[in-house]
Amino acid sequence: MSLQHCLVLTVATGAVWMDLRTRRIANEWIITAWIAGLVTQLIRYGAAGAGIFLFGMLFPILALYILFCFHMLGAGDIKLLSAVGGFLGVPAILKCMIVSFLSGAVLSIGIILVCGNLPQRLTKFFNYFQTYFTKRKYQKKTEPVPYYDGKWGMECIHFSVPVLMGVLLWIGGFY
């Protein structure tokens, strides 16, 4: 396993540990990961590594910002993907994001089936869109309506776990 693999695995594992303990991923952890990603890219590619790092770091932030606005994904999760993207570059972080979302979907379905609240979750999902479009139509609001209200239980997954799954599949050569 290369140094890059070890560093990315450390970043993702540490983020999961923090997220599960405190429901937050510390900014200091992300900043340290960004610095490590930049240094790694500079060592691997010289000055061109700065561009690879920058685009890989910014891609998840720009691509997932809308999910943050709707409270569908936390800032820490986006920053974690950004930190991982700094190590991987744009093509690999895009694949990592897709794998992470698919892993998260499988994990969510499993949790919903275990909790036995599929009808309740589907009702909340459809009510969300009904509320969103009603507010936009009648109140002319342009601000997003939050999807996550802070009242969920076990079915609200820590997205850092699917990100770790995506990183593990990258290390294993799946993509």
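Reader: Is F101 buried, partly exposed or exposed?

Author: In this predicted model, F101 is partly exposed, with a relative accessible area of 32%.

Reader: Which residue does F101 form an aromatic pair with?

Author: F101 forms an aromatic pair with F159. The pair is tilted, with 4.9 Å centre to centre and 40 degrees between the planes.

Reader: Where in the chain do the two residues lie?

Author: F101 is in helix α5 (residues 90–115), while F159 is in the loop between α6 and α7 (160–171). They are 58 residues apart, so the pair links distant parts of the chain. F159 counts as buried because its relative accessibility is 7%, and buried means under 20%.

Reader: How many aromatic pairs does a search of the whole structure find?

Author: The search finds two aromatic pairs. One of them is formed by Y65 and F68, and it is tilted: 6.3 Å centre to centre, with 40 degrees between the planes.

Reader: Which helix holds Y65 and F68?

Author: Both lie in helix α3 (residues 48–69), three residues apart, which is about one turn of the helix. Y65 is partly exposed, with a relative accessible area of 48%. F68 is also partly exposed, at 36%.

Reader: A change of topic: which residues make the nonpolar surface patch of about 650 Å²?

Author: That patch is made by M72, L118, L122, F125, F126, F129 and F133.

Reader: Where is F129 placed?

Author: F129 is in helix α6 (residues 118–138). F129 is partly exposed, with a relative accessible area of 31%.

Terms used: Residues are numbered from 1 along each chain as its sequence is written. This is a predicted model: local features need pLDDT of at least 70, side-chain atom pairs count only at pLDDT 80 or more; totals for chains, interfaces and linings use all residues. Side-chain values use heavy atoms; hydrogens and water are left out. Patches are made of residues with over 30% relative accessible area and no salt bridge: like charges are joined within 9 Å, nonpolar side chains (Val, Leu, Ile, Met, Phe, Trp, Tyr) within 5 Å. Accessible areas come from the Shrake-Rupley method with a 1.4 Å probe; for residues, only the protein chains shown count as cover. A salt bridge is a side-chain nitrogen of Lys or Arg within 4 Å of a carboxyl oxygen of Asp or Glu. Helices (H or I, at least four residues) and strands (E, at least two) are DSSP runs, numbered from the N terminus. Buried means under 20% relative accessible area, exposed over 50%, partly exposed in between (1.4 Å probe, protein chains only). Rings of Phe, Tyr and Trp (its six-membered ring) pair if their centres lie within 6.5 Å; planes under 30 degrees apart count as stacked, over 60 as edge-to-face and the rest as tilted.
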